[in-house]
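Visitor: I am new to this structure, and I would like to learn how its features are read. Could you take me through them slowly?

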Amino acid sequence: MTQKTTGNSRRAFLKGAALSGVSLAAGKASAATPDPLITEVQPWASGLGDGVDETPYGLPIQYESDVVRRNVEWLTADTISSINFTPIHALDGTITPQGCAFERHHSGAIELKKEDYRLMINGLVDRPLVFTYADLERFPRENHVYFCECAANTGMEWAGAQLNGAQFTHGMIHNMEYTGVPLRTLLEEAGYDTAGKWVYVEGADASSNGRSIPMEKALDDVLVAFKANGEALRKEHGYPVRLVVPGWEGNMWVKWIRRIEVTDAPVESREETSKYTDTLEDGTSRKWTWEMDAKSVVTSPSPQSPITHGKGPLVITGLAWSGRGAITRVDVSKDGGKTWETARLAKPGEKMALTRFYLDTDWDGEEMMLQSRAMDDTGYVQPTKSQLREVRGLNSIYHNNCIQTWLVRSSGEAENVEVS
Amino acid sequence: SPVAAETFGLGRAALPEEIAAWDKDVSPDGTGLPVGSGDVLTGEEVFAEQCAVCHGDFAEGVGNWPKLAGGAGTLADDDPLKTVGSYWPYLSTTWDYVNRSMPFGNAQTLEPDEVYAIVAYILYSNDLVDDEFVLSNETFEDVVLPNHDGFIVDDRIETEHSKWVGEPCMENCKEDVKVTMRAMVLDVTPDEGGDDIT
């Protein structure tokens, strides 16, 4: 791991604070002098904007150029079998724009056109089948919103506070509305044998990312999806077809899915033995830790989203989710967990989907130690990192759903910290 | 038939050649292994040619690339080294993964005998076989990896959920709160623009 000693975060903060000074002056309830943005005719109020043929498929306006996926070079050996991070610190609501939704590949984002796409079902079935992309569009479809969280999200934080920003600590996640065919429908089309207790699914890419899924889950809510947030999947998210495995670790959401094999036993592939197994303190390891437990994080204020408006009204907001059901409640603490207030959910929690919470507060300008604590409809309460470490030790790598703390200083600057 | 009546009649029958081309996974009991064999010394040559640039001459790893050998007995250490020898439960996984997904950037180019030889060499590099060893579809089941029994099925429901359910504390939950660790001391977060960390 490479370490740097310059105060980058501080520089970034000061830059942000300088910019905000302008809007602060313009935003005062009473002004000493008239605001020229109001009293002078601005170019956009006089001239013309772009024509409707300017942008057949648009990108965000240039002033939002910081709302992008980010890479952390030291995490992996190269950028091909690697991860990047969703800018959750800058987003609101629950739907992740596909263009900045995180990526995780094991042999890169491949380009697979619909004409070249084939999906095979084989193994313990009456009729091994090959489907084209066009075939898949002829099965009855469903729409569902689900989060996809990498098993390693927050994994760098097991040993301590490392990365300074919600994007980096919690951004291996996205939440989309998927359209697709239930996996159950395809298994029925092939006539699966009841001796088949598992399905093994693999992608068309070189890594294949093969994973074993128990038949009970395969028949329950797994989708073979071809649309996300209304449009085709992005190349980097599995175009033209991926698996959607609600509530379960992102690795099992096999992209560019090419084969589904019904088997009587798990394959115990590389991605469920060497990887995605969780080592405990005594050296034994858990396998098949599929569900992503209830988790939350304050997205603003946070290290990349400092308070720049001074004291007074402040919106504390964040995301909560659970792989075991719906979020029922999120509590927020400003004092590192001594006292808690119940936040407002923007909408009732939906099963295995991101839920937005808000705590509308009046900030007195004092230092805060901000935390959020999610509860789901199984009654489970998001644990602290100490509670998790007591059970698991420090080397689980995956499934870190601990409560996060941001130290917000009186300057408004925020930092990733651990507290006693 | 009644079963056919419930289907949509979409897709077409997969041909045996097509299934054989794509269904290459190998299970812990060896199901899926093709007939073939390879010895340690042949494996050393193939490994030097195909694998050593990233994984090292002795499978010890180069730079940040994965180490395939070593780490025996380190799983309960502060910084465990997880390799085929120290961590992986089944030899089938090694064969299957090398065959399907290695070498990185040139996957699915190895012949079955080359895969047997490479896997034999990885076993040798982990001090699990001697240099005379020949791995084949017939000797495959003789090899039991050291961490074969090192895995338990997810037990979070019993060990975690049962104690973290219920009404949580809202007031006076702690006497005192202190900052014990700070990310800015470590300072490994990329700059705005994501260009530095060199």
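Visitor: In what order do the elements of chain B run from the N terminus on?

Guide: The general idea is that helices (H or I, at least four residues) and strands (E, at least two) are DSSP runs, numbered from the N terminus. In chain B the elements run α-β-α-β-α-α-α-α-β-β-α-β-α, which comes to eight helices and five strands. Please keep in mind that this is a predicted model, in which local features need pLDDT of at least 70 and side-chain atom pairs count only at pLDDT 80 or more, while totals for chains, interfaces and linings use all residues. Residues are numbered from 1 along each chain as its sequence is written, chains are lettered from A and ligands numbered from 1 in the order in which they are written, and side-chain values use heavy atoms, with hydrogens and water left out.

Visitor: How many helices and strands does chain A have?

Guide: Chain A has seven helices and 24 strands. Its radius of gyration is 23 Å, close to the 22 Å that the globule rule gives for 420 residues, so chain A is as compact as a globular protein of that length. The C-alpha atoms of chain A fill a box of roughly 80 × 60 × 40 Å along the principal axes.

Visitor: What share of the residues counts as buried in chain A, and what share in chain B?

Guide: A residue is called buried under 20% relative accessible area, exposed over 50%, and partly exposed in between (1.4 Å probe, protein chains only). By this reading 59% of the 420 residues of chain A are buried, and 43% of the 198 residues of chain B are buried.

Visitor: How many positive and negative side chains does chain B have?

Guide: Lys and Arg count as positive and Asp and Glu as negative, while His and the chain ends are not counted; the place of a charge is taken as NZ of Lys, CZ of Arg, CG of Asp or CD of Glu. Chain B has 10 positive and 40 negative side chains, with the centres of the two sets 12 Å apart. In chain A there are 44 positive and 57 negative side chains, and the two centres lie 2 Å apart.

Visitor: Which elements are among those that cover the buried residues of helix 5 of chain B?

Guide: Cover is read from contact, which means heavy atoms within 4.5 Å. In helix 5 of chain B, eleven of its eleven residues are buried, including B:Trp95 and B:Tyr97, and what covers them includes strand 8 (198–203) of chain A together with helix 6 and strand 3 of chain B. Helix 6 (residues 112–125) is mostly covered as well, with ten of its 14 residues buried, and these pack against elements of chain B including helix 3 (40–50) and helix 5 (91–101). In the loop between helix 5 and helix 6 of chain B we find B:Pro103, which a cis peptide bond joins to B:Met102, with omega about -5°.

Visitor: Is A:Glu268 buried or exposed?

Guide: A:Glu268 lies in the loop between strand 13 (257–263) and strand 14 (278–279) of chain A, and at 4% relative accessibility it counts as buried. Leaving aside neighbours within four places in sequence, the contacts of A:Glu268 include A:Lys287 and A:Trp288, and also B:Pro28, B:Tyr90 and B:Thr93.

Visitor: Where does A:Arg118 lie?

Guide: A:Arg118 is found in strand 4 (residues 118–123) of chain A, and at 34% relative accessibility it counts as partly exposed.

Visitor: Which value does phi of A:Asn209 come near?

Guide: Phi of A:Asn209 is near 50°, a positive value in a residue other than glycine. A:Asn209 lies in the loop between strand 8 and strand 9 (211–214) of chain A and is buried, with a relative accessible area of 9%. A:Ile397, which is not a glycine, also has a positive phi, of about 65°, but A:Ile397 counts as partly exposed at 39% relative accessibility.

Key
Rg over C-alpha atoms; globule rule 2.2 N^0.38 Å.
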